[in-house]
Amino acid sequence: MIQDGNAPFWYIYDSSNADVTAILEQGAEAGVVAKGETIEELAGEMGVDAATLQATYDRYEELAAAGEDEDFNKPAENLVALETAPYYAVKFYPTTFGSQGGVLTDSEGRVLNDAGEVISGLYAAGEMSNRYYYNENYVLAASLGLYAVAGRLAGAAAAADIQ
Ligand SMILES: Cc1cc2nc3c(=O)[nH]c(=O)nc-3n(C[C@H](O)[C@H](O)[C@H](O)COP(=O)(O)OP(=O)(O)OC[C@H]3O[C@@H](n4cnc5c(N)ncnc54)[C@H](O)[C@@H]3O)c2cc1C
């Protein structure tokens, strides 16, 4: 993603999993998934060079048969041969889903300074304080409940500190 901006990449499937194939068929009917009976036909639907895709596919099959990915180090358990026609290709775009910032707090919403000490009388909750909980990864759809609780905790801490 850093090298190529948000240039898309393709993910190729075969038809060995009936549940996945049923979903891909819906995508193909809607015109958002490329489908081909052969790799060459698939390349045509994808709008990419057929010889390059065939060579890429053949090399992947060779590595899958050998059980070791010397090119990209894909774990052996995921190195599955794609041999059941028809084949499908889905275009993916790498993207940044969200970013997180805010100030560091303790578990009660008291804001901390660089040394990790409480700054007296300063409290934070919600997005402003998410570093304590999320650290580096955004947890989908967990914010509203978490921040309602964080607000209550910070309010309770402020009330307790005043007394
Ligand atoms: C499109 C979208 C979808 C989302 N979907 C989900 C979801 O499905 N589930 C989930 O859990 N979370 C979801 N979130 C995240 C969630 O909505 C937020 O994390 C949460 O609302 C943040 O709460 P908050 O109280 O920290 O901030 P906010 O809700 O942003 O509250 C901050 C408030 O402060 C006010 N304000 C700003 N400056 C001042 C000022 N100077 N003086 C007075 N008031 C001020 C603002 O007007 C605002 O009302 C979604 C967010 C977005 C944008």
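The model is predicted. Its chain is assigned two domains, domain 1 (9-92) and domain 2 (110-162). Asp69 is buried but lacks a salt bridge. Phe9, Tyr11, Tyr13 and Phe92 make up one aromatic cluster.

**Domains**
- Domain 1 spans 9-92, and domain 2 spans 110-162.
- Between the C-alpha centres of domain 1 and domain 2 the distance is 46 Å.

**Asp69**
- Asp69 sits in a loop. That loop runs between α3 (50-66) and β3 (87-92).
- The nearest side chain of opposite charge belongs to Arg59, 6.4 Å away. A salt bridge needs a side-chain nitrogen of Lys or Arg within 4 Å of a carboxyl oxygen of Asp or Glu, and Asp69 has none.
- A polar atom of the Asp69 side chain lies 3.0 Å from the backbone nitrogen of Lys74.
- Leaving out residues up to four places away in sequence, Asp69 touches Leu63, Lys74 and Leu79.

**Aromatic residues**
- Four aromatic pairs turn up in a search of the whole structure.
- Tyr11 and Tyr13 form a tilted aromatic pair. Their ring centres are 4.7 Å apart, with 40° between the planes. The pair counts as tilted because planes under 30 degrees apart would be stacked and planes over 60 edge-to-face.
- Tyr11 counts as partly exposed because its relative accessibility is 41%, and the partly exposed class lies between under 20% (buried) and over 50% (exposed).
- Tyr11 and Tyr13 share one aromatic cluster with Phe9 and Phe92.

Terms used:
Residues are numbered from 1 along each chain as its sequence is written. This is a predicted model: local features need pLDDT of at least 70, side-chain atom pairs count only at pLDDT 80 or more; totals for chains, interfaces and linings use all residues. Side-chain values use heavy atoms; hydrogens and water are left out. Domain bounds come from an automatic or database domain assignment. Helices (H or I, at least four residues) and strands (E, at least two) are DSSP runs, numbered from the N terminus. Buried means under 20% relative accessible area, exposed over 50%, partly exposed in between (1.4 Å probe, protein chains only). Lys and Arg count as positive and Asp and Glu as negative; His and the chain ends are not counted. A polar contact is a pair of N or O atoms within 3.5 Å; within protein, one must be able to donate a hydrogen and the other to accept it, and residues adjacent in sequence count only if both atoms are side-chain atoms. Contact means heavy atoms within 4.5 Å. Rings of Phe, Tyr and Trp (its six-membered ring) pair if their centres lie within 6.5 Å; planes under 30 degrees apart count as stacked, over 60 as edge-to-face and the rest as tilted.
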